[in-house]
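Have the model open and follow along.

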Amino acid sequence: FQHGGFLGCDHGTHIYTAAMQKYSSGLFKKAAVGQGAMQRLDAVSRADSIMFVDLEGGSDRAVPELQPLIWKVKEIQRFIESQCSMQFTRLSVQLGYYPGDGFGYVRHRDVHLDDGKS
């Protein structure tokens, strides 16, 4: 997010620091693979840990440092809506922590296109 001045180095550093504090406090959970009854933990495929951010700001999963980034994403959403005949129905923000060296990362999609929510 720092490339091209989209967010800026200072905001990027604040977000990183806040995210690492959330991770260190134990709020991240091991990421699972699959959906519904087929959901399971698989450390070979996904060694990452995740935390969904509380965008309303009422819990320990709120990350106020993300607000500048969220405003920019909402600006992009509004621009797209003004240029296309579509409306965004939600914004979900997830922080992820990977152990490093690419271990445990498998390309994936968090929301499947056929689940009726996209």
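Tyr-23 has 29% relative accessibility and so counts as partly exposed (buried is under 20% relative accessible area, exposed over 50%, partly exposed in between, with a 1.4 Å probe and protein chains only). This is a predicted model, in which local features need pLDDT of at least 70 and side-chain atom pairs count only at pLDDT 80 or more, while totals for chains, interfaces and linings use all residues. Residues are numbered from 1 along each chain as its sequence is written, and side-chain values use heavy atoms, with hydrogens and water left out.

How many aromatic pairs does a search of the whole structure find? There are two, where rings of Phe, Tyr and Trp (its six-membered ring) pair if their centres lie within 6.5 Å; planes under 30 degrees apart are stacked, over 60 edge-to-face and the rest tilted.

| Pair | Centre to centre | Angle between planes | Type |
|---|---|---|---|
| Tyr-23 and Phe-28 | 5.3 Å | 85° | edge-to-face |
| Tyr-23 and Tyr-97 | 4.0 Å | 25° | stacked |

Tyr-23 sits in helix H1 (residues 9-24) and Tyr-97 in strand S5 (residues 94-97), so their pair ties together parts 74 residues apart in sequence. Helices (H or I, at least four residues) and strands (E, at least two) are DSSP runs, numbered from the N terminus. Phe-28 is buried at 10% relative accessibility, whereas Tyr-97 is partly exposed at 27%.

Now turn to Asp-54, in the loop between strand S4 (49-52) and helix H2 (67-83). Its side chain reaches the backbone nitrogen of Ser-59 at 2.8 Å, and one of its polar atoms lies 3.1 Å from the backbone nitrogen of Gly-57.

Terms used. A polar contact is a pair of N or O atoms within 3.5 Å; within protein, one must be able to donate a hydrogen and the other to accept it, and residues adjacent in sequence count only if both atoms are side-chain atoms.
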